[in-house]
Protein chains: 2
Amino acid sequence: MPAWEAYLNAHRARFLGETEAFLRIPSVSSLPGHSTDMDRAAQWVARRLEDAGLEKVRFLPVAHGGPPVVYGEWLHAPGRPTILVYGHYDVQPPGDLAHWSHAPFEPVAVAGRLYARGASDDKGNMLLPIFAVEAWLKGDGALPLNVKFLLEGQEEIGSPGLPAFIREHRALLSCDWVVSADGGQLSEEQPAICLGARGLCGLQVDVAGPCADLHSGTFGGAVQNPIHALSTMLASLHRASGRVAVPGFYAKVRAPSHRDRALLRGVPFSEAAFMALAGVGQLAGETGYTVLERVWLRPTVEVNAIWSGSGPNGDQTVLPASAHARLTCRLVPDQIPEEASAAVEAHLRRQAPQGVTVSVHHLPGGAFPYRIPEEHPGNRAAAAVLADVYGRPPCHALMGSSVPVCALFRGILGVNTVTFAFGLDDENIHGPDEFFRLSSWTKGQRAYALLYEHSNLPRSGKGEAQSV
Amino acid sequence: MPAWEAYLNAHRARFLGETEAFLRIPSVSSLPGHSTDMDRAAQWVARRLEDAGLEKVRFLPVAHGGPPVVYGEWLHAPGRPTILVYGHYDVQPPGDLAHWSHAPFEPVAVAGRLYARGASDDKGNMLLPIFAVEAWLKGDGALPLNVKFLLEGQEEIGSPGLPAFIREHRALLSCDWVVSADGGQLSEEQPAICLGARGLCGLQVDVAGPCADLHSGTFGGAVQNPIHALSTMLASLHRASGRVAVPGFYAKVRAPSHRDRALLRGVPFSEAAFMALAGVGQLAGETGYTVLERVWLRPTVEVNAIWSGSGPNGDQTVLPASAHARLTCRLVPDQIPEEASAAVEAHLRRQAPQGVTVSVHHLPGGAFPYRIPEEHPGNRAAAAVLADVYGRPPCHALMGSSVPVCALFRGILGVNTVTFAFGLDDENIHGPDEFFRLSSWTKGQRAYALLYEHSNLPRSGKGEAQSV
């Protein structure tokens, strides 16, 4: 047994206690009133990096303020690759406490599951590469490669300052590739190499009609109703086939390659399990594509929210002054967020009936679609480790959701991002009763320790550049 | 000058003070926490009826509780008609106080306008027939006809108990016709006889999709989005021509008669003024009909509210679990509320795409469309009075809004309702800065006193029955 592995085994109880201590800090970045908690979480993380043996640990402020990035490094493996480990210490708000079986910030381990907000996303995952660093440094005296850590506190609010931050710290963050500890696996048995994520752009549409809510009896029938107008506009976004009806939306979309389709066919995927997870009796979407192709390889336009009039508790029979919707598109290569947004805006404006005024506000937080080459050296290392740890080779998967940082790291640092994390789809991230499997927590520490070893291929000049 | 007229002139200042005192009571029936105010308002009204000389004044409880009906009568004109005066002492909630120029329950008279919640709807109007009764009884010693008053406190919540109440008190409320002090005139210069009101029915549509809000990245593209489904369903309610696309919706709709169309052509109506009031630069609606025909003679389906997702302040990129809308239809003869609701429900269900579950809840508070014959004796009396008071003959108008009590009085008591009130469309009823013109308030007292005189035609058996 390698020294690092003996160290992980010997310190398991302490590591679990530390994980629970970290989960007790309600580091909710999106709600006011948690700035002290964010400070406590950042300080906890910094101390934890130092305790693991990382060096030059510090807080790096982010443009426009807010929780800082916690940085640490260990760069004593000359001639070996440098990886930049990414994770985040902020969490989603707990939402309605009545829906939680346990208090969200009082972690409880029940039947192999550690329940708490952030257990899976991302505190539980984020600690795994830190424990693995400590095991190598304390067990073996050195790491087999160079590591840097970039742990941010604003992921759950869309990392608004991160682009400027990465540009500003381009030299400090230089690396051969990024390893993201934010993500997951396909199932407890089946590991996966994540080859990419969909991009994102968002719009708010405001349809204005009369100067104020009108009496629907006095004016109804002669004044355009903004809800009718908005419904017509939104209904026009999709064809009955499920295809997006926005002209130009698919202009730059790469047709799924034979290789992509073949890879997806290799993913053990159960429609029944997917439907059970969604809680629907029937699936929908674009004809001509499998379910996995729809969520991984095809772009979407989804309306996320709509509102007008007095809402669920009112009973006013008004012809409302305005109606509003928020939409997001999930994008695939080679769509460009601004172009997709503009196409949707133009379509909505064309579909607006007379008698209303349409304004469109493009939402911040866009993301380019991201793909990492299948044969990237980081992927090869991850694949070898996952095959060892899970006892079966990983399949190749994609994410339907968006990971803006991946495109940022490539755009600014010129490096790809290998996703290496252990969350599973049923772990209620962003919902009540979030949990992380203790089996994943254990497996992930060993996997990270092995990843450091397998990533230890000699550098051949600009290792990354040749693999893009 | 008749004695009643001298009395009105002599007591004008006191009547104004009383109107202001009544407006100071925040008798908001739809908000909790106002039950004491509702009691105070009911007691104020009862005392005011007694002070006017009305007899047998009492509170009559309404089924299911809530503010009572205040009743009073004066029945000492044998052989003369009996009219039942209808009004309501409850008011709409003030809404956002920031939008008011004056405190809503501190009446202020500025430039000929009395500002307060309820000034026009309906406290200011409701007092006019009471002042006129007092003027006759105190000035002349007797009224020229028999009167009963039914003043309710639940109009603004849809008069839920009134049908049962009228049935229960059928004998007490028997009359030749009803005079409603809830309504208005066309303008300061142009009086109108109101020949009817549109009916009403309402539905709430709930579209359920996944078991919870889903991550739009993980599931978007493969799970039906309830907002998309609802938008498609709502967009299908109207054709581009503005015509309602619901099969069967027009089945019982009477085509506008030549007489109706001729009457409407006689209404001095300014599209520019209507547009200014609505705050729109362009009108909309069903092709082939004038604006007045659209709002008075044609039925509508209007969506009054829609909601799904986290609303204006959220930013969750969810595929929401459900989406909701509230709709109302304005109905014209001979549509039946339940049938119109059922037709809309059936249409919405047919239009629902696969992958969602639709439930429909029919809202209480429906109303039959109402028409009173042009030559009804109450209309003839009202027409004579209005011609006198305004110095020009009234035109014949309709209301686009709904007055459920009219159809109730006809259905249960077998009598028609003459609308005789003095509000104007720009007086912000239900909105901030509601006001009532002091000129209308003065004119209305004299008009009611004259109406009592002109309605004083000898009874010929069942006066009403022959005129229906």
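Two residues are taken to be in contact if their C-beta atoms, placed from the backbone, lie within 7 Å, and the close-up views below show parts of a predicted model.

**View 1. The interface between chain A and chain B.** By that criterion, 65 residues of chain A are in contact with 67 residues of chain B. On the side of chain A that touches chain B, at least two residues each come from strand E10 (214–215), helix H6 (216–219), helix H7 (226–235), helix H10 (291–296), strand E11 (300–308), strand E12 (318–319) and strand E13 (322–331) of chain A. Of these, E11(A) gives the most, with 8 residues. Sorted by class, this side of chain A has 24 nonpolar, 34 polar and 7 charged residues. Because 100% of the interface residues of chain A are also interface residues in chain B, the copies meet through the same surface. Chain A is superposed on chain B by a rotation of 180 degrees with 0.1 Å of shift along its axis, at an RMSD of 0.1 Å, and this is the relation of a two-fold axis.

**View 2. Strand E11 of chain A and its partner strands.** Across the two chains, E11(A) pairs in the antiparallel sense with strand E11 (residues 300–308) of chain B over 3 bridges, and A:Trp307 has B:Trp307 in E11(B) as its bridge partner. Within chain A, E11(A) is joined to E13(A) by 7 bridges, and these two strands run antiparallel; A:Ile306 stands opposite A:Ala325 in E13(A). Since 9 of the 9 residues of E11(A) are buried, this strand is largely enclosed by the rest of the structure.

View 3. The buried residues of H3(B) are listed as B:Asp37, B:Met38, B:Ala41, B:Ala42, B:Val45, B:Ala46, B:Arg48, B:Leu49 and B:Ala52. An α-helix has 3.6 residues a turn, so residues three or four places apart point the same way. Just after H3(B), a positive phi of about 105 degrees is taken by B:Gly53.

View 4. In chain B, 3 strands in the order E4-E5-E18 form an open sheet with antiparallel pairing. Strand E4 (108–110) and strand E18 (435–437) of chain B stand at the edges, and each has a single partner strand, so one side of each is left without a neighbour in the sheet. On average, and with direction ignored, neighbouring strands of this sheet are turned by 25 degrees against each other. Over 3 bridges, E4(B) pairs in the antiparallel sense with strand E5 (residues 113–115) of chain B, and B:Ala109 stands opposite B:Leu114 in E5(B). Helix H14 (residues 438–454) of chain B packs on the sheet, where it touches E4, E5 and E18 of chain B, and the direction of this helix makes about 60 degrees with that of E18(B).

**View 5. The surroundings of B:Leu145.** B:Leu145 lies in the loop between H4 and E6 of chain B, and this residue is buried, with 25 other C-beta atoms within 10 Å. Apart from neighbours within four places in sequence, B:Leu145 is in contact with B:Ala77, B:Arg80, B:Pro81, B:Ile83, B:Tyr452, B:Ser455 and B:Asn456. The C-alpha atoms of B:Leu145 and B:Leu451, which are 306 residues apart along the chain, are separated by 10.0 Å.

**View 6. The surroundings of A:Glu156.** In chain A, the loop between strand E6 (146–152) and helix H5 (162–168) holds A:Glu156, which counts as buried because it has 20 C-beta neighbours inside 10 Å. Leaving aside neighbours within four places in sequence, A:Glu156 is in contact with A:Ser29, A:Ser30, A:Asp90, A:Val91 and A:Gln92. From A:Val91, which is 65 residues away along the chain, A:Glu156 is separated by 6.3 Å between C-alpha atoms.

Technical notes. Residues numbered from 1 in each chain as written. Chains lettered and ligands numbered in written order. Predicted model: local features only at pLDDT ≥ 70, side-chain atom pairs only at ≥ 80, totals over all residues. Buried ≥ 20, exposed ≤ 12 C-beta atoms within 10 Å, placed from the backbone. Helix = DSSP H or I, 4+ residues; strand = E, 2+ residues; numbered from the N terminus. Pairing = 2+ DSSP bridges. Axes fitted to C-alpha atoms, helices over the stretch in contact; angles between N-to-C directions. Least-squares fit on C-alpha atoms with pLDDT ≥ 70 in both. Nonpolar A, V, L, I, M, F, W, Y, C, P; charged D, E, K, R; others polar.
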